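Here's a quick briefing to read alongside the model. Have the sequence and the 3D view open as you go.

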Amino acid sequence: MANVTVIGAQWGDEGKGKIVDWLAERADVVVRFQGGHNAGHTLVIDGNVYKLSLLPSGIVSGTLSVIGNGVVLDLWALKSEVEKLRDQGVEITPEKLIIADNCALILPLHGDLDGLREDASGSGKIGTTRRGIGPAYEDKVGRRAIRVCDLAHLDDLEAQLDRLCAHHDALRAGFGAPPIDRAALLDQLKEIAPFVEPFAYPAWRKLNKVRKAGARILFEGAQGVLLDVDHGTYPFVTSSNTISGTASGGSGLGPRATGFVLGIVKAYTTRVGSGPFPTELNDDVGQRLGERGHEFGTVTGRQRRCGWFDATLVRQSCAVSGVTGIALTKVDVLDGFATVKICTGYRLNGKVLDYLPAHASDQANIEPIYEEHEGWSETTAGARSWVDLPAAAIKYIRRIEELIECPVALVSTSPEREDTILVRDPFSD
């Protein structure tokens with residue numbers, strides 16, 4: 001049986017939470033391998049709504065869940081998330097959750113720096129969530145990070161704090177902010193340490209062990225390929241690699257373990273925050289998509305920008321992430337549109353492009369080339385087989401497959417777990 005890696009193939013918010021939860025029932029382990037608590041997954045199970053940011057989506061169904069070493073971890077946000085789930089009847093124990101002991105931590109000072117930078121950036125704002133993810137990754141790469149394993153050795157942290165504070169105090173001084181209160185930071189770490197220590201473990205050992213035993217592993221990505229720090233719409237990107245190749249490095253398993261790559265793709269396009277968006281609709285159609293799709297960020301609550309499906313972008317995402325098949329979500333949001341459009345390429349300075357150019361100014365100036373398709377008046381909401389779909393909706397889906405050069409494996413027709421059409425089983429590939 002194959003393992004499965006799930007990634008977003010647009011700008012995030014594609015409906016990964018539902019798909020991962022649907023797959024998690026058939027997996028033995030679910031692993032988060034990158035990102036931080038800027039990710040947001042919403043699960044709807046038997047009418048109950050669960051909102052997750054750090055915890056892998058399998059945690060609600062009781063599947064063994066792992067926060068891998070590629071994640072930057074805000075322990076206070078995690079503690080709050082665990083407590084909220086407990087209030088909803090989901091108990092999180094060390095038997096259900098493993099946190100890689102080599103995870104780098106997001107500290108309060110990282111959120112401070114995130115906000116100071118964004119406030120000072122003027123027109124250069126990139127739309128960060130101000131949660132400290134970027135600065136935490138910077139400290140990890142700069143070898144200044146405090147990691148989960150350090151919490152068991154807080155008395156030996158002086159040298160690490162020296163490096164951390166020397167860097168951050170200089171930055172804070174430039175923004176007119178006071179230096180870090182080292183004693184207060186240590187007190188915060190001492191207070192949170194007992195919460196996380198029962199979950200801390202060499203995750204790579206556990207994952208290699210269960211893999212050798214034949215376990216089915218589901219790798220859960222955060223954000224989307226178009227927010228990848230290398231392959232996304234730079235600089236309006238996240239601070240980690242979001243492509244499927246990150247699953248091996250961010251979990252401690254080799255690249256052969258990542259298996260079937262399932263790209264989650266919304267039947268139209270959305271984006272939160274700043275940055276280029278070739279098919280954005282600043283009209284009644286865009287407003288209608290947003291209202292029907294309830295397009296507000298799970299984490300930030302920010303309204304998402306909406307536009308037509310961009311096959312050029314998704315084809316590029318599938319290529320750089322090695323997508324085996326896609327899960328097409330929110331098809332039901334397009335119900336009732338007389339016509340629907342698909343972007344098939346771009347015009348830039350008189351030339352036709354079949355890819356997204358790398359430079360931000362080119363990305364901002366491209367014009368989408370559309371083809372128009374007949375819409376459908378019938379409902380697709382709740383459909384669980386092809387025969388439940390209108391003929392025009394099937395034609396739309398088949399055309400997407402052709403344009404992105406990748407087959408559909410799943411079709412999601414509502415937030416409910418069971419409202420899913422299975423075309424190709426990722427775990428049997």
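**Rings, strands and a helix pair**

W376 is buried, with a relative accessible area of 3% (buried means under 20%, exposed over 50% and partly exposed in between, with a 1.4 Å probe and protein chains only). This is a predicted model, where local features need pLDDT of at least 70 and side-chain atom pairs count only at pLDDT 80 or more, while totals for chains, interfaces and linings use all residues. Residues are numbered from 1 along each chain as its sequence is written, and side-chain values use heavy atoms, with hydrogens and water left out.

**Aromatic pairs**

- Rings of Phe, Tyr and Trp (its six-membered ring) pair if their centres lie within 6.5 Å; planes under 30 degrees apart count as stacked, over 60 as edge-to-face and the rest as tilted.
- That rule gives four aromatic pairs.
- One of them is W11 with F277: the centres sit 5.3 Å apart and the planes are at 55°, so this pair is tilted.
- W11 is in the loop between β1 (4-8) and α1 (16-24) and F277 in the loop between β12 (269-271) and α9 (284-292), so the pair ties together parts 266 residues apart in sequence. Helices here (H or I, at least four residues) and strands (E, at least two) are DSSP runs, numbered from the N terminus.
- Both W11 and F277 are buried.
- W376 and Y396 have ring centres 5.8 Å apart and planes at 55°, so they're tilted too.
- W376 comes from the loop between β18 (367-374) and α12 (391-404), and Y396 from helix α12, 20 residues apart.
- Y396 is buried, at a relative accessible area of 1%.

**Charges over rings**

- R216 lies over the face of F427, 5.7 Å from the ring centre (the rule wants NZ of Lys or CZ of Arg within 6 Å of the ring centre and within 35 degrees of the ring normal).
- R398 does likewise with W386, at 4.7 Å from the ring centre.

**Strand β7**

- Strand β7 (residues 97-100) is covered on both faces, with L97 and I99 buried on one side and I98 and A100 buried on the other.
- Strand β5 (residues 64-67) runs parallel to β7 and is joined to it by three bridges (strands pair if DSSP finds at least two bridges between them).
- In that pairing, S65 stands opposite L97.
- β7 also pairs with strand β9 (residues 200-201), in the parallel sense over two bridges, and I99 stands opposite A200 there.
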